[in-house]
Amino acid sequence: MTPIRIAPSILASDFLSLKDQIKLVQKGGADWLHLDVMDGHFVPNITIGPPIVASIRKHTNLPLDVHLMIEEPDQYLEAFRSAGADNITVHQEACVHLHRTVQRIKELGALAGVALNPATPVALLSDIIEEIDLVLIMSVNPGFGGQRFIPACKRRLSEVRALAKSVKKSIYIEVDGGIDITTAHSVVRAGANVLVAGTAIFQQENITKAVVQLRKSCS
């Protein structure tokens, strides 16, 4: 059984205290750091770019899980990989030539992920599932933190698990949006093995304890 990985999302962090908050999630046993990149076009918000990723890279050895919620991601793959991204996830909805994009991410030496918005069918990944390392199921509509969990994503996680099993492919099945101690167990049962959580970690009084409690809630 694949171990569950906890990936705190810095979208919900205090950016003025980010270095210290990264230390707190590390102390709690976080496995990855999730970095949401938004361009104000693909999603209605603007967040960070390669310089911030590079700054974070200097202060942690945790894998940097970079989620590109941007149009024309191909233009920025090299920049984010050079900045320190270990995983680069693009949206199926944003890629005209998805296979080419995935291959380029792998050529750069990063794990290649594909994200799906809540209304995008999982079946669209059937012809590329053997090529990718990670599938990210959005359990909210992307763009903002603190949104309410969409229950239908559990069925979609199960579909991804079944699709990967059908081709005997071991992949990371990641879920992002509304993940907290009340939803974690059910998404893990559905097939998720990477949990992205922002508000449930960084907006809590004790950040380190929040990471520990989220992991406990998975079992």
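My entries on fold and salt bridges follow.

I'm working from a predicted model, where local features need pLDDT of at least 70, side-chain atom pairs count only at pLDDT 80 or more, and totals for chains, interfaces and linings use all residues. Residues are numbered from 1 along each chain as its sequence is written, and side-chain values use heavy atoms, with hydrogens and water left out.

Overall build. I looked up the secondary structure and got 8 helices and 8 strands (DSSP runs: H or I of at least four residues for helices, E of at least two for strands, numbered from the N terminus). Buried residues make up 53% of the 219 (buried is under 20% relative accessible area, exposed over 50%, partly exposed in between, with a 1.4 Å probe and protein chains only). The C-alpha atoms fill a box of roughly 45 × 35 × 30 Å along the principal axes.

Salt bridges. I count 5, taking a side-chain nitrogen of Lys or Arg within 4 Å of a carboxyl oxygen of Asp or Glu.

Arg215 and Asp31 pair up at 2.8 Å, N to O. Arg215 sits in helix α8 and Asp31 in the loop between α1 and β2, 184 residues apart.

Asp86 bridges to Arg57, also with 2.8 Å between the closest N and O atoms. Asp86 is in the loop between α3 and β4 and Arg57 is in helix α2, so the pair ties together parts 29 residues apart in sequence.

Glu78 meets Arg104 at 3.0 Å. That joins helix α3 to helix α4. I also noted that Glu78, Arg104 and Glu107 are linked in a network of salt bridges. Glu78 is partly exposed at 31%, and Arg104 is partly exposed at 29%.
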